[in-house]
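I opened the notebook to look up ring contacts and the chain interface. My entries follow in the order of the searches.

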Amino acid sequence: MADSTPQPRIDQPVDVHSAAAEQAREIAVARKDILRIATAGSVDDGKSTLIGRLLYDSKAVFEDQYEAVERASAGGDYVNLALLTDGLRAEREQGITIDVAYRYFATPRRTFILADTPGHVQYTRNMVTGASTADLAIVLVDARKGMLEQSRRHAFLASLLRVPHLVVAVNKMDLVDWSEQTFEAIRDEFTAFAAKLDVPDLTVVPISALNGDNVVRRSERTPWYEGPSLLHHLEHVHVASDRNLVDVRFPVQYVIRPQSDAHHDFRGYAGTVASGVLRTGDEVQVLPSGLTTTIAGIDGPRGPVDEAFAPMAVTVRLADDLDVSRGDLICRPSNAPHVTQELDALVCWMTDEPLRPRQRLAVKHTTRSVRAVVKDVQYRLDVNTLHREPEAGELGLNDIGRVRLRATQPLFVDEYSRNRVTGRFILVDEATNATVGAGMLVPGS
Amino acid sequence: MTTPDYRLTQLETLEAESIHMIREVVAELERPVLLFSGGKDSIVMLELARKAFAPARIPFPVMHVDTGLNFPEVLEFRDKRVAELGVQLVVASVPDAIAAGTVKEEPNGSRNRIQTPVLLDAVEEHGFTALFGGARRDEDKARAKERAFSFRDEFGQWDPKSQRPELWDLYNGRIHLGESIRVFPLSNWTELDIWQYIAHEQIAIPPLYLAQEREVVERQGMLYAVNEFIRAREGEQVRRESVRYRTVGDANLTAAVPSTATTVDEVIAEIAVTRMTERGATRGDDKVSDAAMEDRKKEGYF
């Protein structure tokens, strides 16, 4: 896209008292929640066009952005919506996409944070990063090509990160004459594959991102399709029950001691609720000391609250004066995490230098940072076939495998499948300080 | 705002995410500082920092990179807010650096680029290791690709191609001596989120953000209010118009937008129906090149 200066223009002021403005304000301030989405697909699948379409049709694209794209796609029959997600000059010059880009759009029902991950060589690292926080992953499939190796890979990575909802968007349906048979073949193949992956919720939608069919509104060209449009699904997918509201886990992030006259005796434990529901008066246990006490009070951003749940950032006050510091964890005495130095995990490795036994790394797990040594690389996973390769002995860049680590200090952990917060960690190279791996805890052998 | 079904609204979710980041920095990095310009984003960031540590005081200073081209209302607001919160204010002065000869005034009068070395010098002088900035990813495509914890080398440079993977909420703030982390707690907020939060939390803002009749001149398709730094040039007509500022940057380069929004709720209505990005509508300096922000970030800009 050439550098270009927008046409000079001064807009008329918005009539903020008009019915339209008032309606827009009401929609904007209506109670909404956030859905975090990760998208995966290669350049040719039409992923950028789909995202451009979602942004444009949900009016998240402003006129100056649209005009820039219109100018850049001059001559074609279509405004190239893919250019809306066009990135840095460094990327355009080299024809590549760097890493993860975040996009934002909203409808009257929800706001959406979309992590757009490119499908080229660094796909594993990028997609793992994008999917780590996602409630829902969209995998794009070109209807003409059907399910490719990379479609399997993307679905596998989403399931590995335990993204609760998976959507397969079968794109370019216009190029297969809106064939129901083609769609059904892809849907059936994907459904069979997903059954092997432990994907709790799979939705398959036939779309044309270029024309907008079934993206925002149901298309007349697919009378045989009875499901929702993609956006309708994104707006209505039920995510509230995805969280763990059972196991109380509160990693202490920071100790607040005002040391002022007004709050002389105040001591609060600040942190983000990982899971479960904390209530004032609850009996709790503090790890690693194992001491028990009760919750004297919980302060949220707007003052005291009766209860706190994930992902609220709160400050907990305890009835007894215990020695509690960053890295400790508050739970219920009857329901504590595993306290262990042995970490069995599926690790995604993200740097050139391979992960090998006897290597020493820093581990960051919730608010606790420890060091660890790699005891064993039990196997590497072939992300295309899901075969385990026990002879690998190491993990290279973008490899995923099962690794056993021994930490210098105990961590308070749950399996990732039960608790996405206390079941995860990152690995950091202590020499370069780079983040080199992501780990998801699995049951020990 | 909460309901019995244990769901948070988008504002509560964003607020919690930001507070988590701010606390994480204070727990892990030795000398944080919050960049405070008196603009709406940094005002919200300061409010989140207050909430993160209440009832204790904010445990780090705030810094203003003062280009000397300020709107007086914004400076006034800055000083008032800093006094209310009892935080230390560090001012890194561009005019002082010009006088000392460490930076040179650019021919176009913009101090946007030359504030970067002034910022970096102040960071070195005070030994700051983490700098909170109010940038949002919806503002610009370079920002859309930057991490919430953005590693910068000893020259403050951003290298888009070697960013640390950022997984879950496990932020990596490890650095060597001389390096630093730029932290963007508002990464996932949009302009509309910021305004909704200002409305919901009844946060005070400088009056510039609300519409009033001002003397303006039209220049390159934008409206500039006549002030200490902007005078009508030959051939330019001064007229009175109801305008407000959608962003507040340097007073010599920030354009106003025609507006009748005199309350925060009316501003929300206006933004909800408006069809121009905030930078496209108001920043003369960002129109220079499509990659303006990308270039400035590589030089150490926010």
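I count a charge as sitting over a ring if NZ of Lys or CZ of Arg is within 6 Å of the ring centre and within 35 degrees of the ring normal. By that rule, the charged end of B:R219 sits over the ring of B:Y224, 5.9 Å from its centre. I also noted A:R152, which lies over the face of A:F193 at 5.9 Å from the ring centre.

Ground rules for the entries. The model is predicted, with local features needing pLDDT of at least 70 and side-chain atom pairs pLDDT 80 or more, while totals for chains, interfaces and linings use all residues. Residues are numbered from 1 along each chain as its sequence is written, chains are lettered from A and ligands numbered from 1 in the order written, and side-chain values use heavy atoms, without hydrogens and water.

Aromatic pairs. I took rings of Phe, Tyr and Trp (its six-membered ring) as paired if their centres lie within 6.5 Å; planes under 30 degrees apart are stacked, over 60 edge-to-face, the rest tilted. I searched the whole structure and found 13 aromatic pairs over all chains. A:Y254 and B:F53 are edge-to-face, 5.3 Å centre to centre with 80 degrees between the planes. This pair crosses between chains, from strand 8 (residues 254–256) of chain A to helix 2 (residues 40–53) of chain B. Helices (H or I, at least four residues) and strands (E, at least two) are DSSP runs, numbered from the N terminus. B:F53 is at 1% relative accessibility, so it counts as buried (under 20% relative accessible area; exposed is over 50%, partly exposed in between; 1.4 Å probe, protein chains only). Ring pairs link A:Y254, B:F53, B:F60 and B:F132 into a cluster.

Next I checked B:F149 and B:Y171. Their ring centres are 4.6 Å apart and their planes at 10 degrees, so the pair is stacked. B:F149 is in strand 5 (residues 149–152) of chain B, and B:Y171, 22 residues apart, is in the loop between strand 5 and strand 6 (180–183). Both are buried.

Interface. The contact (heavy atoms within 4.5 Å) takes 87 residues from chain B and 98 residues from chain A. I found eleven salt bridges across it (a side-chain nitrogen of Lys or Arg within 4 Å of a carboxyl oxygen of Asp or Glu). One of them joins A:R302 and B:E201, at 2.9 Å, N to O. Helix 1 of chain B gives the most to the side of chain B that touches chain A, with 14 residues.
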